Amino acid sequence: MAEERIGVYVCNCGTNIGKVVDVAAVASSAMEIPGVAIAHSYKYMCSNPGQEMIVQDIEENKLTRIVVASCSPRMHEGTFRGAIRRAGLNPYMLEMANIREQCSWIHDDPIAATEKAKALVHAAIQRVKFNEPLESRTAPMCPSTLVIGGGVTGLTAALELAEAGQQVYLVEKQNHLGGNVARLDLTAPYLDSAQDILRNWISRVERHPNVRIFLNSELIELKGFNGNFKPRLRTEDGELLELDAGSVLVCTGFKEFDASRIQQYGYGRLPDVITSFELEAMLRQGKLQTKSGKQPRYVSIVHCVGSRSQEFHAYCSRVCCTTGLKYAFEIKSALPAAHISNLYSDMESFGKGCEEFYRKASEARTSFVMFAKNQLPMIREADAGENCSMLITVQEQLSGEEIELPADLVVLMVSMEPQQDASHVARLVNISCDKDGWFIESHPKLDPVATTTDGVYIAGACQFPRDIPESVTQGRAAVARILAKVAQGNITVDAVYSEVQDKLCSGCRTCFSLCPYGAIEYNAEKHLSHVISAVCKACGCCAAGCPSGAIKVRHFTDEQICNQIEGVL
Amino acid sequence: MAVRANPDLIDELQGFGAKDVVKCYQCGNCSAACTHSDDPYVFPRKSMHYLQLGLEKSLRTSLDPWLCYYCGKCSDQCPRGAEPGETMMGVRRWLTAEYDFTGLARLLYRSWSAELAAVLTVALLTGAGFLSFGFLRGGGNLSVYDGPGAFLPIHAIHFFDWTMGIILGALLSINCLRMWHFTMRSEHTAPIPLSLYLRHLLLLPLHFFTQKRFRHCENKTPWATHLVLMLSYLTMLTLIMVFLRDMQSGPEVNWYAHSFGYLSAIGLVTTSILAVHGRLKKDAAYHRHSHESDWMFLGLLLFVSITGIVQHILHRFGFPMAANITYIVHLMGVVPMLVLEVPFSKWSHLAYRPLAIYFAQLQLAAQAEGKVPLGTPAKPQPVA
């Protein structure tokens, strides 16, 4: 190892690290370690001058390996790998010591923290000596896309991909396209007809030569990996069909909350307590009436049914406030004499044009009755002789009075829930669900439509309650991601992945059950397991579990890890 | 016991001038801006909400509207242009109608033509009555204004004034009693011991004469104008009811009485012209909206003041016949103004406002002494 020349760079991170850790002392202690040719501290290593310092040192001092002691590698590993690549080194000849999140941010004692930083840097130096140059590889990319779900998100995405000249397979479980939007009458806040919006979309998708639509069909298996998926469908006729798709876009949408779960609203028991979707159906048919065929004089709209509750869903379904306001307009235009009240706990009519919409609903004489989240209104049948069919008792928050509202028709703004089979779909395409059952995105802010499985994207209300514009935006965002990959023509396979050494593998398949990404194939003829490098995320479960020690994770070799451990000690 | 919401209440109140209440979204900026709004009398927010929800009973039993003087701060602060100040004004009109047992107030407030017809009828009856009295039972000669043989003898006018005063006072008292019944005997308010009523009785004249609460409004102009108007009116009323003899005899000027008369005449004319000007210009919130009853009130006040001044001048300058005719015309304004406005319309607030302050003080005192529970609805439950 005598010929290795290691450069060590210790970052102040402004004052983030420097105010607790004596970075100059860390740098000078690194100088004493054999193999270290140069050690510097600097205010911001990630800045352009900081990176330039590394590049220049590599060139002038013939450095062969680099250690950067700064923040978490999650933040800037890519930055520094890029810098040393520019200087002609293999990017994997870099090691980072996290002396910010794992040191300065969590310790107060400067002396102890500095000692800990020295140890972390020492460990990184010991490890980097054993790092091996690695290269990422490329694999061919199939340009077609499988879109799961034919709602407004899937339709938008399918059309966008098809217009870009790519083949799309659109799979829809139901016998028609349109999803939940097909159940709506008008859309808020501009009161455009949902049917008009959809009809245009659907006919364009249906006519498009690049889109193949599978109605009444389901995905039953997804084999393959990013760029080369092999989805298997069960089609309308019960046939099994295998397709080739480079990317998979999941836009399976939502279903509505079962309102009968809230006993005191009487859904299912009182005939004129209906859900928002049932009201939409009435509005579409132009028959706004009670079960007994009368015109309702008092209509109450109850918000947050299943949303924002300890018992059901803690999250806000986001679209119901504005939709409830929309009903005020629709009901007023059908029945001008009707009295409309909104029973709410918070009014959150957000988004473009929605505050104005709220104001207009208010001016159109809709009353707003506030209940406490822990004290839901109670709906009961009115006694004979009353001028209404139901009475709603509310502990009204803004007047402080317990009030009784007359009602002939009660509309429950049911919350949005993940589809019944969301967890099944998640398993099929190998993505995860959060505690409520929504699909989890790769990064909530920076990568909202990708997932932790490369090549599988999510968009629309399968990820969280979304309105139409947001769903459409997400659908198009996912298309942009897919088309960017298609334009490259190849997929890049990370250089870090597991490898099975065939001569040590006994074919026990322990690794097969441990792999969370389905990256391990089994060759029954040779009795050998094999890692599909494009699918592997290098988590190391297989390597740790292999009873024969046959699996090696590139960039995480036993040698590297043992030396790192020794270094820290 | 749950309060039944009456969604039609808002329609009714719109007839009383509460037009923009639907715009309110209960942010509470109005109550925060108001110097008088304080727990448990939180207004205008709460009154606005009672109205939006149709909580008729809560509104009827509330003292809040009378604790507001309409300085207009709330309306200026309202982010939605809901004009809370004007709503409070509308609620006061509605409450006046609710307190009035005859139902006349409701009719006059809600129908401009009914109000006009009522004023004209009373005016014509007054004119005809005084003319026939003058010819048949009085001096019989229109060109005698005062002294022996006067067309309208002072003792007769005196008798008429007092009779009318007693009748109107009785009507207003009945309405005040109803106000007490609604606000102090509701299920929200436990009975208050008589001793407390007596202990705080002085609040009534105090607030009646000084209007010191009004002074606490941030905008002082309305208070100053209102005080001048009220004192001028009161002075004139006292002069007429008690010192009519000194006022009417002449033609020489009785300075000890007339100096007061001149001052109050100046006060009445100036303040009513200021109010008319403000209502036409509409630049202050409290003048932005004018109900028909506001114009009728100002119109009658100006008419009465000017005819009063004119008949006085004609009398002093030796035109007894013209003075007599102007006097009858003047009475044709005075009588409808008092008969219609005092128990059934805007003038009634001279009683309701001090009473509300008195009642509110009683409720607070009773609460402080722990004798009775808080005289307001239960507070909202804290949200867990």
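Tutor: Let's begin with that word: a residue is buried if 20 or more other C-beta atoms lie within 10 Å of its own, exposed if 12 or fewer, and partly exposed in between, with C-beta atoms placed from the backbone. Keep in mind that this is a predicted model, where local features need pLDDT of at least 70 and side-chain atom pairs count only at pLDDT 80 or more, while totals for chains, interfaces and linings use all residues. Residues are numbered from 1 along each chain as its sequence is written, and chains are lettered from A and ligands numbered from 1 in the order in which they are written.

Our part is strand β23 of chain A, residues 409-414. Helices (H or I, at least four residues) and strands (E, at least two) are DSSP runs, numbered from the N terminus. In β23(A), 6 of 6 residues are buried, so by the definition above this strand is mostly covered. A:Leu409, A:Val411 and A:Met413 point one way, A:Val410, A:Leu412 and A:Val414 point the other way, and all are buried.

Now look at the strands beside β23(A). Two strands pair if DSSP finds at least two bridges between them. Strand β16 of chain A (residues 273-275) runs parallel to β23(A), joined by 3 bridges, and A:Val273 stands opposite A:Val410. β17(A) also pairs with β23(A) in the parallel sense, over 5 bridges; there, A:Ile301 has A:Val411 as its bridge partner.

Next, who touches A:Leu412? Two residues are in contact if their C-beta atoms, placed from the backbone, lie within 7 Å. Leaving aside neighbours within four places in sequence, A:Leu412 is in contact with A:Ala259, A:Tyr265, A:Tyr267, A:Val273, A:Thr275, A:Ser276, A:Val302 and A:Val305.

This brings us to the nonpolar core, a set of buried Ala, Val, Leu, Ile, Met, Phe, Trp, Tyr and Cys residues joined through C-beta atoms within 7 Å. In soluble globular proteins, nonpolar side chains tend to be buried together. The largest such core here has 130 residues, and A:Val305, A:Val411 and A:Leu412 touch the most other members. Helix α19 of chain B (residues 320-344) gives this core its largest share, 11 residues. Another core, of 80 residues, lies apart from it and includes A:Ala157, A:Val171, A:Ala459 and A:Val535.

The contact takes 24 residues from chain A and 25 residues from chain B. On the side of chain A that touches chain B, α10 (354-363), β19 (366-370), β21 (390-395) and β22 (402-407) of chain A are the elements that give two or more residues, and β22(A) gives the most, with 4. Ala, Val, Leu, Ile, Met, Phe, Trp, Tyr, Cys and Pro count as nonpolar, Asp, Glu, Lys and Arg as charged, and the others, Gly among them, as polar. By that scheme, this side of chain A has 6 nonpolar, 10 polar and 8 charged residues. β22(A) also runs parallel to strand β1 of chain B (residues 3-4), with 2 bridges joining them, and A:Ile403 stands opposite B:Val3.

Some loops deserve a look as well. Most residues other than glycine have a negative phi, and most peptide bonds are trans. A:Arg308, in the loop between β17 (298-305) and α9 (320-334) of chain A, has a positive phi near 50 degrees. A:Arg308 is partly exposed because 18 other C-beta atoms lie within 10 Å. A:Asn216, in the loop between β10 (211-214) and β11 (218-225) of chain A, likewise has a positive phi, near 50 degrees. With 15 C-beta neighbours inside 10 Å, A:Asn216 counts as partly exposed.

A cis peptide bond joins A:Ala188 and A:Pro189, with omega about -5 degrees, and A:Pro189 lies in the loop between β8 (186-187) and β9 (192-193) of chain A. In chain B, a cis peptide bond joins B:Phe43 and B:Pro44, with omega about 5 degrees; B:Pro44 is in the loop between α2 (29-33) and α3 (45-53) of chain B.
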